[in-house]
Amino acid sequence: MYVQELEPVAGSLGLSALVAALPLVIVLVLLGGVRMKAHLAGLIGLLAAVLVACLAYGMPLGQTLSGGVQGAVFGVFPIMWIVINALWVYRMTVRTRHFDILRRSFGRLSDDPRIQALVIAFCFGALLEALAGFGAPVAISAVMLVALGFDPVRAAVVALVANTAPVAFGAMGTPVVTLAQVTGLPLDSVASVVGRQTPLLALVVPLVLVWLVDGRRGLRETWIPALVCGAAFAVAQFAASNYVSAQLADIGAALAGAGALVAVPHARVPATESVRASVLTGARSEELDEEDPRGEVVRAYAPYALIVAVFSVAQIPAVKDWLAGATQTYDWPFLDVAGPGGEPVGGNVFTWPIVSTGGTLVLFAGVLTTAVIGVHARVAVKEWLATVHELRFAILTVTSVLALAYVMNLSGQAATIGHSVAAAGAGLAFLSPVLGWFGVAVSGSDTSSNALFGALQVTAAQQSGLSPDLLAAANSSGGVLGKMISPQNLTIACAAVGLAGREGDLLRKVLPWSLGLLLVMCLLVVGQSTAALDWMLP
């Protein structure tokens, strides 16, 4: 048995924390300073974590490598298993041209560019984040806005800022699932607290978007539909994350926001020519004027309806218990770790939710989708393999980061840093979202940030007397605001709208919004950690 030690370096907590932080510092410097590709930075950080675990903490090499392999396995299944199957469904709609039909359908909902920005960037972007995440919402939303006549810079900025409120529950809940796994906290409790933080962003972001599209006039003339859209999104996200399923939170929120927006009379008022002339400075795509048969429009929406239906059925208690029956639990080989107090850690056991995991449910919905939209089985398999190939570097990044996180958690490195950070005391509540924001800003992924800092946040919370659920959730909720300034997302946005090399221009436009909303989140978490707002927590 390997017993974790909090002060292995010269018996000093401070020195031990500095050594333990080396893998994180290396990853962040390589990503943010050297601009190294994420998968390479992750692998180098993993090597550093292994060396620190073995040389400084005395963890046997076999157990260190075994812990890293467990993290990599978790990165593949269920994390990337969800992303692969969700992106596969999207790729099939593109291949059959049903995605183009969906885009034209959105373009016809309103001729007001401010409403179009809410429908496409906020609502449909949230749906894409729910299904795929990892940059897809920014790229696709920005391209659709340019097709409607938006200036490329404005389209990119709107897409980046819109990609905030849904991120914590993106890719079928992948960030919160990862957060629960690395912290050992129940998924329901973590998702519940996140669901009482990010919905407040949803109230604000639509108002910010109409301001970005048309300034004060846009806010003055369209604040009612923007507020209604945000409120519907927020209520649905809160309800789903607290009482239904974290995996369905963004899907339900996106559909509720879009439905409420379309139902508001103000949203259906035609835009004046002065508004359209000042906002739409590009050329409108002619294909948007094509008429589509009603049956094809229904089939274009069908994949998303099927995913909602499959996940809804999976939440029925009898079905949920039946699916959970296939879950396998194993004693992970070559791993026998105890905490500083001598108690076995949860990482000694590995749980494999074969059928009940989100990725398998999306795969089943994808199989139904092939029949509905008319994709031959051979073509569907080919698209699935192409999806895996497209995500090969993302898979390598996620597996290396999760392996790094597991090595740090199992060796005791995360516990050492957490005990050191706990010295911040009451200020820890304010700094907690900042740490998540910084992690996403450099890694481009709320999932990666939660893997890196989740256990650290929980340890610091336990040592300082704060709620572990609150600080773990704050890591994810603060992290979503770093998404818009991450180099990866900025690059994706520029590439999508033909602005390669102008990432700096976009950064200057979105940074103030990122910092402003982060301040709001920090104050919210501080309030929730005190009697002022602790009534908001479950």
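The model is a predicted one, and the description begins with helix H6, which covers residues 113–131, and helix H8, which covers residues 152–162. The axes of H6 and H8 come within 8 Å and cross at roughly 50°. Angles from 65 to 115 degrees count as roughly perpendicular and angles under 35 degrees as roughly parallel, and H6 and H8 are therefore described as oblique to each other. Their crossing is right-handed. On the side of H6 the contact is made by Ala117, Ala121 and Phe122, while H8 contributes Val158, Ala159 and Ala162. Sorted by class, this contact of H6 with H8 consists of 6 nonpolar residues, with no polar and no charged ones.

The second pair is formed by helix H10, residues 187–194, and helix H22, residues 468–479, which pack at an angle of about 60° with their axes 8 Å apart. H10 and H22 are therefore also placed in the oblique class, and the crossing of these two helices is right-handed. From H10, the residues in contact are Ser189, Val190, Val193 and Val194, and from H22 they are Asp469, Leu470, Ala473, Ser476 and Ser477. By class, the contact of H10 with H22 holds 5 nonpolar, 3 polar and 1 charged residues.

The table sets out the two pairs.

| Helix pair | Crossing angle | Axis distance | Handedness |
|---|---|---|---|
| H6 and H8 | roughly 50° | within 8 Å | right-handed |
| H10 and H22 | about 60° | 8 Å | right-handed |

How many cavities of 30 Å³ or more does a search of the whole structure find? The search finds 3 of them, and the second largest cavity contains about 40 Å³ of space. The lining of this second largest cavity is made up of Ala121, Phe122, Gly125, Ala126, Pro137, Val138, Ser141, Ala159, Ala162, Asn163 and Pro166. Two or more of its lining residues come from each of helix H6, helix H7 (136–147) and helix H8, and the largest share, 4 residues, comes from H6. By class, the lining has 8 nonpolar and 3 polar residues, and no charged ones.

How values were computed. Residues numbered from 1 in each chain as written. Predicted model: local features only at pLDDT ≥ 70, side-chain atom pairs only at ≥ 80, totals over all residues. Heavy atoms only, no water. Axes fitted to C-alpha atoms, helices over the stretch in contact; angles between N-to-C directions. Parallel < 35°, antiparallel > 145°, perpendicular 65-115°, else oblique. Left-handed = near helix turned anticlockwise from the far one by under 90°. Contact = heavy atoms within 4.5 Å. Nonpolar A, V, L, I, M, F, W, Y, C, P; charged D, E, K, R; others polar. 1 Å grid on protein atoms, 1.4 Å probe; cavity = no way out; pocket = protein on both sides within 12 Å on 5 of 7 lines; lining within 4 Å. Points joined across faces, edges and corners; volume = space filled by probe spheres on them.
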